[in-house]
Protein chains: 2
Amino acid sequence: MQPLPLEIPADADKAIVWSNDRLYLLDQRVLPMQELYLEMQTAAATADAIRDMVVRGAPAIGVTAAFGVVLAARESYQAHGAGWREGIKSGMDCLAASRPTAVNLFWSLERMQGLISELDASDPEPTLLQEAHRIHQEDVASCRRLGDLGAELIESTTSVITHCNAGALATGGYGTALGVIRSAWAAGKIERVYADETRPWLQGSRLTAWELHKDQIPVTLLTDGAAASRLRVGGIDWVIVGSDRIAANGDVANKIGTYSLAVAAKHHGVKVMVAAPTSTIDMSAVSGEAIPIESRNPDEVLNCGGKRIGATGVDAWNPVFDVTPAVLVDAIVTEKGVVHSPNTKKITELMSS
Amino acid sequence: MQPLPLEIPADADKAIVWSNDRLYLLDQRVLPMQELYLEMQTAAATADAIRDMVVRGAPAIGVTAAFGVVLAARESYQAHGAGWREGIKSGMDCLAASRPTAVNLFWSLERMQGLISELDASDPEPTLLQEAHRIHQEDVASCRRLGDLGAELIESTTSVITHCNAGALATGGYGTALGVIRSAWAAGKIERVYADETRPWLQGSRLTAWELHKDQIPVTLLTDGAAASRLRVGGIDWVIVGSDRIAANGDVANKIGTYSLAVAAKHHGVKVMVAAPTSTIDMSAVSGEAIPIESRNPDEVLNCGGKRIGATGVDAWNPVFDVTPAVLVDAIVTEKGVVHSPNTKKITELMSS
């Protein structure tokens with residue numbers, strides 16, 4: 001994983017770039033202070049980049065993993081020629097082990113695996129690359145479609161609150177929650193976006209604010225603890241968030257703090273919209289309890305801005321996702337349509353439509 | 001305001017030290033990494049220290065202000081002799097203008113003013129110093145008393161969540177919310193304290209964790225956004241917080257994020273205890289709407305750990321207190337007694353008891 005200058009300007013819609021047969025990722029760990037692309041040379045390096053959060057956001061992880069499989073295929077074909085199938089598995093296992101919660105990762109690997117099983121002994125790279133590009137393009141198209149569908153749910157001009165970053169940076173491009181906000185902004189329905197800073201990793205401050213400010217959409221940051229107070233002030237009709245995995249019953253796993261925000265929204269009669277492509281829906285998870293919740297290093301909480309702030313000897317609880325039960329969700333918006341007051345029946349119907 | 005070595009070890013119970021006719025404050029901005037005492041030489045320097053949060057927490061601000069008045073009296077007596085009344089007002093005005101929300105500041109200044117109006121032209125320092133010491137000692141005694149009363153409300157051993165720092169550091173000593181926790185811990189009723197890190201100033205990480213860890217009370221940090229998820233996990237019977245000002249109807253102003261936590265507690269059937277001395281109750285404020293809420297520099301949100309993290313050109317909303325309506329509060333615990341399900345009638349009775 002080495003930084004290489006890339007002759008394109010950094011942009012949220014170019015978080016994942018395949019150029020001249022090389023995979024580049026915009027390093028989201030150093031945004032907004034540095035706009036740096038890192039070249040991924042192997043599937044293992046790509047897995048490391050996902051685990052270390054060079055790239056994050058469920059749909060973006062899915063797209064990245066697809067290109068990671070292309071790198072795994074290249075490595076294996078160079079090493080084994082016609083016997084490339086032997087070597088590709090380790091690269092794919094590496095990718096699968098990178099992060100547990102975002103289901104799009106597994107969805108993408110399964111889709112690539114399905115294609116792999118149909119291929120002959122010749123160089124698999126061109127076909128797999130075509131599929132990775134297709135996954136990427138489909139993700140952007142899904143975001144645009146669900147963005148428009150979500151925007152239609154907003155009845156009159158309002159401010160909204162979002163949590164974490166479910167933007168172009170978190171997807172192939174355009175974004176899920178921020179896709180809805182972009183479409184609604186274009187339709188004149190957004191007054192201002194309040195962005196939770198989203199501790200511990202500060203995706204709101206670093207990514208969402210950067211992305212929206214670049215698009216000249218009015219954005220104001222606030223601490224996660226201030227969101228309920230902002231809801232109480234009024235003028236906010238919707239909380240709009242993305243998701244890392246949606247269970248069959250409509251329970252929503254998303255960045256830690258989403259549940260707190262949804263509870264506060266319910267308390268204030270503010271509606272909650274979850275925007276995600278259907279690749280985020282995991283029909284094998286009956287409810288949120290079946291979703292694996294990643295815990296990360298307590299140092300992410302004990303440190304702030306790269307500096308230790310927690311007292312020595314003190315521990316921290318750091319689950320990085322939480323589950324918002326379906327009962328707190330007013331609408332799940334996908335590229336296939338909107339599910340109001342989600343439950344298993346409605347989501348099953350959506351997925352089989 | 002200059003740092004001086006002080007031959008006593010830094011301790012939460014020694015946040016405010018009067019020694020050898022000098023006022024020292026433990027610099028809470030640099031805890032837990034540095035344990036540094038700053039000497040206050042004038043009332044104006046003391047006011048600066050309050051505004052800059054060298055010392056914070058409503059009762060501690062009240063105690064500090066009382067000693068600040070002693071310094072104002074000294075300055076004025078040195079300059080004007082028998083005409084010391086001329087000069088003392090500017091020092092007191094300075095102190096009054098330092099921070100708007102904590103009512104203990106005004107309560108303390110009024111009490112000192114009441115005494116000043118009874119004094120003759122001779123050196124006022126000895127009498128005012130005696131009164132400042134009395135305010136300090138009364139605050140500690142109040143904390144111990146309300147700590148015991150609050151602990152009695154806890155029926156069986158439980159974990160608790162607290163927000164910000166309402167500990168010895170925030171008071172003359174012992175603490176309000178942490179006073180309750182200390183008393184309950186001594187009575188074997190506390191399993192573990194979950195401390196919200198409390199953005200933007202991170203009083204939970206820096207102060208509460210430091211204080212409890214020193215006392216060997218088990219403490220785990222979590223992000224403010226994770227508190228609702230932790231409540232959902234279970235095993236927590238009480239949220240216990242302090243207050244900066246309580247209105248006559250029982251509405252509670254406290255550190256931003258308290259309201260969010262109280263809403264989440266209500267959603268989970270977890271009880272909310274507010275621990276504060278009666279000097280925190282402002283009978284002139286009919287409800288929370290009458291409490292002035294301080295907004296501080298947006299940079300406190302845009303920066304984290306001293307490092308800019310918010311994207312350039314982006315603004316932040318930074319009210320540093322919020323109001324939790326009385327309906328979300330199960331008990332207000334003071335040194336004069338406990339008010340369950342607070343309302344104006346019950347609080348009026350308490351204050352006139």
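Where in chain A does A:C164 lie? A:C164 sits in the loop between β5 (158-162) and α6 (177-186) of chain A. Its phi is near 60 degrees, a positive value in a residue other than glycine. Most residues other than glycine have a negative phi, and most peptide bonds are trans. This is a predicted model, and the values below are computed from it.

## Backbone points in chain A

Two peptide bonds of chain A are cis. One runs from A:L31 to A:P32, with omega near 0 degrees. A:P32 belongs to the loop between β3 (22-26) and β4 (37-40) of chain A. Another runs from A:R199 to A:P200, with omega near 5 degrees. A:P200 is in the loop between β6 (190-196) and α7 of chain A. A:R199 returns below, in a salt bridge with a residue of chain B.

| Site | Feature | Value |
|---|---|---|
| A:L31 to A:P32 | cis peptide bond | omega near 0 degrees |
| A:R199 to A:P200 | cis peptide bond | omega near 5 degrees |
| A:C164 | positive phi | phi near 60 degrees |

## How the two chains are related

Two copies of a chain are related by a rotation about an axis and a shift along it. Here, a rotation of 180 degrees with 0.0 Å of shift along its axis puts chain A on chain B, with an RMSD of 0.0 Å. That is the relation of a two-fold axis. In chain A, the C-alpha nearest the axis belongs to A:G305, 2.3 Å from it.

## The interface

How many residues does the contact take from chain A and from chain B? It takes 51 residues from chain A and 51 residues from chain B. The size of an interface is often given as the accessible area lost when the parts come together. Chain A and chain B bury about 4200 Å² between them. Carbon and sulfur atoms carry 68% of that area. In chain A, the residues that lose the most area to chain B are A:Y259, A:I309 and A:W317. Together they make up 16% of what that side buries.

Polar links also cross between the chains. There are 16 residue pairs in polar contact across the interface of chain A and chain B, both residues being at pLDDT 80 or more. Several elements give two or more residues to the side of chain A that touches chain B, among them α7 (203-214), β7 (219-222), α8 (227-233) and α9 (258-268) of chain A. The largest share of that side, six residues, comes from α9(A). By class, the side of chain A that touches chain B has 27 nonpolar, 14 polar and 10 charged residues.

Two salt bridges are counted between chain A and chain B. In one salt bridge, A:R199 pairs with B:E197, and the closest N and O atoms are 2.7 Å apart.

β15(A) is joined by two bridges to strand β7 (residues 219-222) of chain B, and the two run parallel. The bridge partner of A:A316 in β7(B) is B:L221.

## A sheet in each chain

Strands of a sheet pair through backbone hydrogen bonds, either parallel or antiparallel. In chain A, four strands form an open sheet in the order β12-β9-β10-β16, with mixed pairing. β12 (281-282) and β16 of chain A stand at the edges, each with a single partner strand, so one side of each is left without a neighbour in the sheet. Strand β10 (residues 252-255) of chain A is joined to β16(A) by four bridges, and the pair runs antiparallel. A:A253 has A:V323 as its bridge partner in β16(A).

Chain B has an open sheet of four strands in the order β12-β9-β10-β16, again with mixed pairing. Strand β10 (residues 252-255) of chain B pairs with β16(B) in the antiparallel sense over four bridges. There, B:V252 stands opposite B:T324 in β16(B).

## Salt bridges overall

Over all chains, the whole structure holds 34 salt bridges. One of them joins the side chains of A:D93 and A:K89, at 2.8 Å from N to O. Both residues, A:D93 and A:K89, lie in helix α3 (residues 85-96) of chain A. They are four residues apart, about one turn of the helix.

Key: Residues numbered from 1 in each chain as written. Chains lettered and ligands numbered in written order. Predicted model: local features only at pLDDT ≥ 70, side-chain atom pairs only at ≥ 80, totals over all residues. Heavy atoms only, no water. Contact = heavy atoms within 4.5 Å. Buried area = accessible area lost by both parts, 1.4 Å probe. Salt bridge = Lys/Arg side-chain N within 4 Å of Asp/Glu carboxyl O. Polar contact = N/O pair within 3.5 Å; in protein donor to acceptor, adjacent residues only side chain to side chain. Nonpolar A, V, L, I, M, F, W, Y, C, P; charged D, E, K, R; others polar. Pairing = 2+ DSSP bridges. Least-squares fit on C-alpha atoms with pLDDT ≥ 70 in both.
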